[in-house]
Amino acid sequence: MLLLVSPINNEEALEAIKGGADIVDVKNPKEGSLGANFPWVIKEIRDLTPKDMLVSATLGDVPYKPGTVSLAAMGALVSGADYIKVGLYGTNDYDEAVDLMKNVVKTVKDNNSEAIVVASGYADAHRVGAVSPWDIPKVAYDSGADLAMLDTAVKDGKTLFDYLDINDLKKFVDEIHEYGLKSALAGSVKKNQLKPLNDIGCDVVGVRGAACVGGDRNTGRINSSAVYELKSLIENF
Ligand SMILES: O=C[C@H](O)COP(=O)(O)O
């Protein structure tokens, strides 16, 4: 299982890299769960990250506006991101989500066939009226995305496991694998939740809070020791 860590600036990105993160995921929590950061922040982080490491950028908790989101995807690409995550927040159902994702996939693959596209839904989608998490594997597959992911939309202390138990999560991961895609899971994931996710075959686990001093994604800062601890735990499962 790969460890994706979500820094907000250069300093945090360097800490994530030093701690052994596999993927540096540039994010702006001020703008939401999958809030987008600025092009120059993505570019600076791409420049300081070793060439053989993936730099991810989140496009935001996006509205159902395929043109707008496609243009945002282009912005992430030209800023150097090679792993592009879309938070399917404003898409209410499968049809809207797949329409939006198809356009993002076309934008990305037409410009860089190697770049990876992630369709991310929310385990607590019912709290915000977003497309059901159970539609996400099919949305990812039917749109040509590379990964299907779940995060949580509302960061109020509840974790991924408050909405989906381990059997549900296994079902989600298995379905993604049946489609030949990779899976990613996040949502205030704690240290002690890494092993169950690893055991069900999750390919990528995403964290911010757990990699921050004090465990708080908003007030804390990513620290290399916290990242190293998470990475060591994963390596020793
Ligand atoms: O992509 C993963 C997110 O950054 C998860 O953040 P969180 O662990 O604070 O919920």
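**How the helices and strands pack**

In this predicted model, the axes of α1 and helix α2 (residues 39-48) come within 10 Å and cross at roughly 35 degrees. α1 passes α2 in a right-handed crossing.

Q: What makes the contact of α1 with α2?
A: On the α1 side there are N10, A13 and L14, and they meet E44, I45 and L48 in α2. Sorted by class, that gives four nonpolar residues, one polar and one charged.

Q: Why is α3 called roughly parallel to α4?
A: The axes of helix α3 (residues 66-78) and helix α4 (residues 94-111) cross at roughly 30 degrees and come within 9 Å. Angles under 35 degrees count as roughly parallel, so α3 is roughly parallel to α4. As for handedness, the crossing of α3 and α4 is right-handed.

Q: What makes the contact of α3 with α4?
A: From α3 come P66, V69, S70, A73, M74 and L77, and from α4 come D99, L100, N103, V104, T107, V108 and N111. The tally by class is eight nonpolar, four polar and one charged.

Q: What makes the contact between α1 and α8?
A: Helix α1 (residues 10-19) and helix α8 (residues 224-235) pack with their axes 7 Å apart, at an angle of about 35 degrees. This crossing is right-handed. E15, A16, K18 and G19 of α1 make the contact with S224, S225, A226, V227, Y228 and K231 of α8. By class you get four nonpolar, three polar and three charged residues.

Q: How do you know that β4 and β5 pair?
A: Two strands pair if DSSP finds at least two bridges between them. Strand β4 (residues 83-88) and strand β5 (residues 116-122) have five bridges, in the parallel sense, so they count as a pair. For one of the partners, look at K85, which bridges to V118 in β5.

Q: What strands make the closed barrel?
A: Eight strands do, running β1-β2-β3-β4-β5-β6-β7-β8 with parallel pairing. From one strand to the next, the twist averages 25 degrees.

Q: Which residues are closest to the ligand?
A: S6, G206, R208, G209 and R217 are the closest of the 16 residues that surround the ligand. The shell has five nonpolar, five polar and six charged residues.

Key. Residues numbered from 1 in each chain as written. Predicted model: local features only at pLDDT ≥ 70, side-chain atom pairs only at ≥ 80, totals over all residues. Axes fitted to C-alpha atoms, helices over the stretch in contact; angles between N-to-C directions. Helix = DSSP H or I, 4+ residues; strand = E, 2+ residues; numbered from the N terminus. Parallel < 35°, antiparallel > 145°, perpendicular 65-115°, else oblique. Left-handed = near helix turned anticlockwise from the far one by under 90°. Contact = placed C-beta atoms within 7 Å. Nonpolar A, V, L, I, M, F, W, Y, C, P; charged D, E, K, R; others polar. Near = placed C-beta within 6 Å.
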